[in-house]
Amino acid sequence: MALSRPALITLTALAPVSWGTTYAVTTEFLPPDRPLFTALARALPAGLLLLAVARVLPRGAWWAKAALLGALNIGAFFPLLFLSAYRLPGGLAAVVGSAGPLFVAGLSALLLGQRPSARTLATGAVAAFGVSLVVLRAAGALDALGLLAAVAATVSMSTGTVLTQRWGRPEGVGPLALTGWQLTAGGLLIAPLAFLVEGAPPALDGRAVGGYLYLALANTALAYWLWFRGIGRMTATQVTFLGPLSPLTAAVVGWVALGQALTPVQLLGMGLAFGATVAGQFVTRPPRTPDRAAKVLAEPVGVRDRAAQALAESVDVPDRAAQGGRIEPARAPVGVPRR
């Protein structure tokens, strides 16, 4: 059953909302100073669980694609994000991360041929500014390594998001399997780094076990499945505009659960960032033009047939009532063979 657009956006938004609880869970439930082990505990068990449920492994070129996507979205992103969070003052890492829609807009133009509109760029800037009002605090000098790590983390996740949409999924493979591939690949990449830098795993009490179970199941397995599912049904830019919900959720959780105050400036920033997130769901989709049909004809035969079918299905079908209860099949462009 196909989801309505509001339902699809809401379900996808649950991913960054869940990620916004990571800080509170980490500080209140988990052992201190073990960011890499926490990243490993989030990614690898979740990936193996999803693989066991989906029972589908990559084939052919998808071994390399899954490994690259896993490195970009998980294996490189998690360590870089933690490194930037530890070395940058006052939530600056979150501000750099909130610029993700701008990175995705640029990468979409480069890799997907989707030129960003002025509205998209302006909305992305407002989102980043709003998040900055929420999370920035007065602090000392910037750390060059931390800033570089924050930018690299944002570029890594943005590139993974765009490539996930560019490559789609193999035929017959659902988002559950694709998510499992990426989490497993990313977890295997983090594992040697975690043991090399932090040593053996820490001793865990019941509180820590509960925290890690939450991070692995809800915060990672479920959240990333919803995220990659959304990428497959929305544009990369629309999905990334949901990202600012993560620092906004972190601020709300800190206020509700940890007793942290929210100033009028922070409330203003939350309003701006949330408004930009909503506006980002209405960015204009790339128009269907005759150039698209020309590109279809230039493709190899196998690819051309599939593209022609997708193009034919995108043609508006007359209303059923106007057809007397019968809907005529959409016609492929002239010169494109049908199966």
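Is the crossing of α3 and α10 left-handed or right-handed? In this predicted model, the crossing of α3 and α10 is left-handed. By class, the contact between these helices, α3 with α10, has 24 nonpolar, 5 polar and 1 charged residues.

Helix α3 covers residues 35–54 and helix α10 covers residues 175–198. Two packed helices are described by the angle between their axes and by the distance between the axes. The table gives both values for two pairs that include α3.

| Helix pair | Axes come within | Crossing angle |
|---|---|---|
| α3 and α10 | 7 Å | roughly 150 degrees |
| α3 and α11 | 8 Å | roughly 60 degrees |

Angles over 145 degrees count as roughly antiparallel. With axes that cross at roughly 150 degrees, α3 and α10 are therefore roughly antiparallel to each other. The axes of α3 and α11 cross at roughly 60 degrees, and α3 and α11 are therefore oblique to each other. The crossing of α3 and α11 is right-handed.

A nonpolar surface patch of about 500 Å² is formed by Leu 49, Val 53, Leu 204, Val 209, Leu 213 and Leu 217. The elements that contribute two or more residues to this patch are α3 and α11, the latter spanning 206–233. The largest share, 3 residues, comes from α11. Leu 204, one of the patch residues, lies in the loop between α10 and α11.

Notes. Residues numbered from 1 in each chain as written. Predicted model: local features only at pLDDT ≥ 70, side-chain atom pairs only at ≥ 80, totals over all residues. Heavy atoms only, no water. Axes fitted to C-alpha atoms, helices over the stretch in contact; angles between N-to-C directions. Helix = DSSP H or I, 4+ residues; strand = E, 2+ residues; numbered from the N terminus. Parallel < 35°, antiparallel > 145°, perpendicular 65-115°, else oblique. Left-handed = near helix turned anticlockwise from the far one by under 90°. Nonpolar A, V, L, I, M, F, W, Y, C, P; charged D, E, K, R; others polar. Patch = residues over 30% accessible without salt bridge, like charges linked within 9 Å, V, L, I, M, F, W, Y side chains within 5 Å. Areas by Shrake-Rupley, 256 points an atom, 1.4 Å probe, with all protein chains shown as cover. Salt bridge = Lys/Arg side-chain N within 4 Å of Asp/Glu carboxyl O.
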